[in-house]
Each structure stands twice: as C-alpha cells, then as structure tokens.
Amino acid sequence: MKSSTLLVILVLQAVLIMGIFAAVSKEKLVVGENKGNRETNNGQLKCCTNCNYSFSGLYTCDDIVKKCDPVCMVCSAVKTPAGKRFQCTDTFLGVCGPTCKKK
C-alpha cells in the first residue's frame with residue numbers, strides 16, 4: 001500500500017514539474033527571451049504531414065515542399081534528388097495544421 005501511494009505522489013510531482021517548465025517556456029516566448037535565431041511564428045500552416053511536437057507546446061513542421069506556406073517567415077532551400085525544395089524552419093506555438101493531402 002505504501003509503495004503504490006509513493007509511486008502516485010512521485011508521478012504527480014513529475015507532472016507538476018513538467019507543467020511548470022512548460023509555463024516558464026511559454027512566458028519567456030511572450031516577453032521576448034527566446035534565445036537563438038528561431039522566432040516563434042504565431043500563424044498556423046495550412047497543412048503539415050511531418051509535425052514535431054515539444055512538451056512545451058512548440059512545434060516545427062519538417063515537410064519538404066515545392067513552395068513554402070505564406071505564413072512561414074523563414075523558408076530554407078533544401079537539395080533533394082528531385083531538385084530544389086523548401087522547408088519552413090519556423091517554430092510555432094499551438095498545434096500543427098491538418099495533414100497535407102497528396103496532389
């Protein structure tokens with residue numbers, strides 16, 4: 001009985017700590033303390049198939065496309081066997097757009 005109670009307490013503490021880190025991370029983005037060259041984009045992509053989430057609520061879209069979404073602030077060129085393609089390197093706050101439909 002004691003070990004299961006202790007386990008529940010430890011799990012709850014871990015969840016609380018992760019929530020605090022996520023809140024601090026979001027607060028730093030709001031006041032402009034985001035380090036590095038990646039700015040947070042407040043828009044939402046029309047679609048994203050290869051979405052990478054972070055526990056802090058930030059995500060990036062690793063799709064390599066023929067043309068970047070108009071919402072994208074930093075669009076990087078990528079060499080592929082099919083030729084020159086592009087990838088949006090923005091960091092977004094919130095959720096990814098819907099999965100892209102193949103054309």
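**Entry 1: the rings**

I began with the aromatic residues and found that ring pairs link Tyr 53, Tyr 59 and Phe 92 into a cluster. For a pair I asked that the ring centres of Phe, Tyr or Trp (its six-membered ring) lie within 6.5 Å; planes under 30 degrees apart count as stacked, over 60 as edge-to-face and the rest as tilted.

A note to myself on the source: this is a predicted model, where local features need pLDDT of at least 70 and side-chain atom pairs count only at pLDDT 80 or more, while totals for chains, interfaces and linings use all residues. Residues are numbered from 1 along each chain as its sequence is written, and side-chain values use heavy atoms, with hydrogens and water left out.

My search of the whole structure gave two aromatic pairs. Tyr 53 and Tyr 59 make a tilted one, with 6.3 Å from centre to centre and 50° between the planes. Tyr 59 and Phe 92 are stacked, because their ring centres are 5.3 Å apart and their planes meet at 20°. Tyr 59 belongs to strand 3 and Phe 92 to strand 6, so this pair ties together parts that are 33 residues apart in sequence.

Tyr 53 is exposed at 57%, Tyr 59 is buried at 1%, and Phe 92 is buried at 0%.

**Entry 2: the sheet**

Next I traced the strands, which are DSSP runs (E, at least two residues; helices are H or I, at least four), numbered from the N terminus. I call two strands paired if DSSP finds at least two bridges between them.

I found an open sheet of four strands in the order 1-6-3-2, with mixed pairing. Strand 1 (40–41) and strand 2 (51–53) are at the edges with a single partner strand each, so one side of each has no neighbour in the sheet.

I then went through the pairings. Strand 1 runs parallel to strand 6 (residues 91–93), joined by two bridges, and Asn 41 has Phe 92 as its bridge partner there. Strand 6 is also joined to strand 3 by two bridges, this time antiparallel, with Leu 58 opposite Leu 93. Strand 3 pairs with strand 2 in the antiparallel sense over three bridges. Here Tyr 53 stands opposite Tyr 59, the two residues I had noted as a tilted ring pair.

Between strand 2 and strand 3 the hairpin has four residues, and Gly 57 takes a positive phi near 100°. I also checked the faces of strand 3 (residues 58–61): both are covered, with Leu 58 and Thr 60 buried on one side and Tyr 59 and Cys 61 buried on the other.

**Entry 3: Asp 69**

Where does Asp 69 lie? I located Asp 69 in the loop between strand 3 and strand 4 (75–80). Its relative accessibility is 16%, so Asp 69 counts as buried.

Leaving out residues up to four places away in sequence, I found that Asp 69 touches Leu 45 and Lys 46, where contact means heavy atoms within 4.5 Å. The side chain of Asp 69 reaches the backbone nitrogen of Lys 46 at 2.9 Å. I also looked at Gln 44, which is 25 residues from Asp 69 along the chain; their C-alpha atoms are 9.4 Å apart.

Terms used:
Buried means under 20% relative accessible area, exposed over 50%, partly exposed in between (1.4 Å probe, protein chains only). A polar contact is a pair of N or O atoms within 3.5 Å; within protein, one must be able to donate a hydrogen and the other to accept it, and residues adjacent in sequence count only if both atoms are side-chain atoms.
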